[in-house]
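Visitor: Hi! I'm new to this one and would like a friendly tour. Could you bring it up on the screen?

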Amino acid sequence: RVVRLDPLTGTNTGERSLPSPVRALVEFGGKIVVSTADGAFYRASFEVGQFTYFTCFCFFNVQDMVIADGGLVVVDESGLVGLVRYVDGQILSAFSAGSTNSMAALEGELLFYYATGLGGLITRFDARTGRQLPGTFTTPSSFEVMLVIPDRARVRSQPDAPTPL
C-alpha cells in the first residue's frame, strides 16, 4: 500500500494498493514511481487513480531508487545500477557500484553507502557515466536509507535564515 498523509496532521487521506510489497518510491515526471518486490515498476498521479504498470526488471531485486541528472536511477541488491528512461522504462546504461546498503543523489552525483561493521563508507559516482569519483566519506553510524538535502534547501528551511534573492 501507498498511503497519502496530511502533512500538518498526519491523517491518512487516502491509500492505494499494489500487487506486491513496495521496495522503493520516488516522485518523477509529475507522478509517483514505485518499485515492488516482484521487480515490477508502477506509476500513478499524486492525487487520485490507481497505479499502472510501467516496466519490469524481473531479474533483480531493487534496493533503492533516486532521481539524478534528470533520470530515474535504480540500484539492485547486488549493486547493479541502471539509468532508466522515464518514457518507456528502457535501461539506457548500467554499471556496478558493488553491494550497497543505500543510494542518494546530489547535483549529478550518486552517493552509495556501504556498511563496514563500525559505521560505513560513502563513495561518489557520476550519475551519467557511472565513473567513480575521487573522495570518499566515512561515517560512524550505520543506516539503511540516505537523503541528501542541498545546502540551499536547508538554508531556506531555517526560521532565521534570510530569504534568498
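Visitor: Let's begin inside. What volume does the largest cavity have?

Guide: The largest cavity has a volume of about 30 Å³. On a 1 Å grid over the protein atoms alone, a cavity is a set of points where a 1.4 Å probe fits but cannot get out, while a pocket is an open set with protein on both sides within 12 Å along at least five of seven lines; lining residues have an atom within 4 Å of a point. Grid points are joined across faces, edges and corners, and the volume is the space filled by probe spheres set on the points. This is a predicted model, where local features need pLDDT of at least 70 and side-chain atom pairs count only at pLDDT 80 or more, while totals for chains, interfaces and linings use all residues. Residues are numbered from 1 along each chain as its sequence is written, and side-chain values use heavy atoms, with hydrogens and water left out.

Visitor: How many cavities of 30 Å³ or more are there?

Guide: The structure holds 1.

Visitor: And which residues line the largest cavity?

Guide: Its lining consists of V73, V81, G82, L83, S93, A94, F95, L110 and A127. Strand 9 (80–84) and strand 10 (91–96) are the elements that give two or more residues to it. Strands here are DSSP runs (E, at least two residues), numbered from the N terminus.

Visitor: How do those residues divide by class?

Guide: The lining of the largest cavity has 7 nonpolar, 2 polar and no charged residues. Ala, Val, Leu, Ile, Met, Phe, Trp, Tyr, Cys and Pro count as nonpolar, Asp, Glu, Lys and Arg as charged, and the others, Gly among them, as polar.

Visitor: What about the second largest pocket, what lines that?

Guide: The second largest pocket has a volume of about 160 Å³. Its lining includes V2, V3, R4, E15 and F46. Strand 2 gives the most, with 4 residues. The lining divides into 5 nonpolar, 2 polar and 4 charged residues.

Visitor: Changing topic: how many salt bridges does the count come to?

Guide: The count comes to 3, taking a salt bridge as a side-chain nitrogen of Lys or Arg within 4 Å of a carboxyl oxygen of Asp or Glu. One of them joins E15 and R1, at 2.6 Å from N to O. E15 lies in strand 2 and R1 in the segment before strand 1, so this pair ties together parts that are 14 residues apart in sequence.

Visitor: Is R1 buried or exposed?

Guide: R1 is exposed, with a relative accessible area of 60%, whereas E15 is partly exposed at 39%. Buried means under 20% relative accessible area, exposed over 50%, and partly exposed in between (1.4 Å probe, protein chains only).

Visitor: And what does E109 pair with?

Guide: E109 forms a salt bridge with R124, and their closest N and O atoms are 2.7 Å apart. E109 lies in strand 12 (residues 109–115) and R124 in strand 13 (residues 120–126), so the pair ties together parts that are 15 residues apart in sequence. R124 counts as buried at 18% relative accessibility, while E109 is partly exposed at 22%.

Visitor: Which residue does R85 bridge to?

Guide: R85 pairs with D88, the closest N and O atoms being 3.0 Å apart.

Visitor: Last stop, T139. Where does T139 lie?

Guide: T139 is in strand 14 (residues 132–139), and T139 is buried, with a relative accessible area of 16%. Leaving out residues up to four places away in sequence, T139 touches Y113, L118, G119 and G120, where contact means heavy atoms within 4.5 Å.
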